[in-house]
Amino acid sequence: MKLDILKNQWLDIVFEGRNKLYGAYELRKSNRKTSVRALIMGAVVFSLAVSAPMIASLLPDSSDGDENLDVKITAVKLPPKKKKEEVKPDVPPPPPPPKVDQVKFVKPVVAKAEDVVEEIVEVKDIKEKKIGAETIKGDPDAVLTVDEPVGTGTAAVVEEDNTVYNTAGIEQKPEFPGGMEKFYKFVGNNYQAPEEEGLKGKVYVTFVVEKDGSLTDIKVLRDIGYGTGKEAIRVLNKCPKWIPGEQNGKKVRVLYSLPITIQSAE
């Protein structure tokens with residue numbers, strides 16, 4: 001039997017009785033296809049290498065096209081720039097001449113006779129005339145004008161401080177005329193305690209000393225009954241005016257608290 005090595009029959013004879021799953025069998029079995037594929041690819045690469053110079057000669061040269069371009073430059077003359085007209089500020093017209101002649105006031109300065117530039121006006125020459133910065137001839141027929149008022153005509157409004165301050169943080173506390181001893185004496189002389197045996201305790205009241213020294217917003221925080229709170233309000237309502245408290249140099253409203261001790265006669 002004659003074998004053809006170009007076919008795969010010899011592989012079966014060589015690998016007869018052997019493990020065909022081994023890689024050598026598969027490589028030799030596909031060797032023909034691999035060789036044909038490699039031959040085709042080599043032929044294509046060789047053909048491209050040989051024909052490359054011919055293909056390059058057929059392509060147009062870009063440098064020749066650049067040399068044939070005819071460039072023409074045209075100069076364009078621009079119009080001259082317009083000068084901006086200077087805007088002159090509006091100059092107010094000179095004031096009309098005064099109704100009475102005005103004489104320039106020359107400040108007297110001690111100087112030599114040859115250095116005198118302006119003569120000082122004598123007193124007789126300024127009678128019935130105005131004194132000003134320059135000499136102006138008056139016009140008897142001129143209309144008497146009054147200068148326009150300066151400013152907006154509205155003054156700044158100062159808000160009144162109506163805050164009620166506490167005696168703990170006030171610069172100058174309010175005070176009863178003559179001191180607090182006289183105030184306690186006033187309350188003791190005018191307070192009428194209820195006629196209840198063994199009644200004792202304290203009535204706590206608060207009031208506001210206004211900027212004019214009067215007492216307002218009198219309140220009873222706690223009393224012991226029997227009309228002791230109402231009697232305290234009655235006494236404080238007839239109290240003379242105090243010296244008001246001050247903060248930052250201004251009179252202010254101040255809250256004051258007062259305990260009144262009640263003890264009935266035994």
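Q: Which side chains meet in a salt bridge at 2.5 Å, N to O?
A: A salt bridge is a side-chain nitrogen of Lys or Arg within 4 Å of a carboxyl oxygen of Asp or Glu, and here the side chains of Glu231 and Arg234 form one at 2.5 Å, N to O. This is a predicted model, in which local features need pLDDT of at least 70 and side-chain atom pairs count only at pLDDT 80 or more, while totals for chains, interfaces and linings use all residues. Residues are numbered from 1 along each chain as its sequence is written, and side-chain values use heavy atoms, with hydrogens and water left out.

Q: Where do Glu231 and Arg234 lie?
A: Helices (H or I, at least four residues) and strands (E, at least two) are DSSP runs numbered from the N terminus. Glu231 and Arg234 both belong to helix α6 (residues 228-237), three residues apart, which is about one turn of the helix.

Q: Why is Glu231 called buried?
A: Buried means under 20% relative accessible area, exposed over 50%, and partly exposed in between (1.4 Å probe, protein chains only). Glu231 is buried because its relative accessible area is 12%, whereas Arg234, with 35%, is partly exposed.

Q: How many salt bridges are there by this rule?
A: The count comes to five. Among them is the pair Arg253 and Glu210, whose side chains meet at 2.9 Å, N to O. This pair links distant parts of the chain, 43 residues apart, with Arg253 in strand β7 (residues 250-263) and Glu210 in the loop between β4 (200-209) and β5 (215-222). Both Arg253 and Glu210 are buried.
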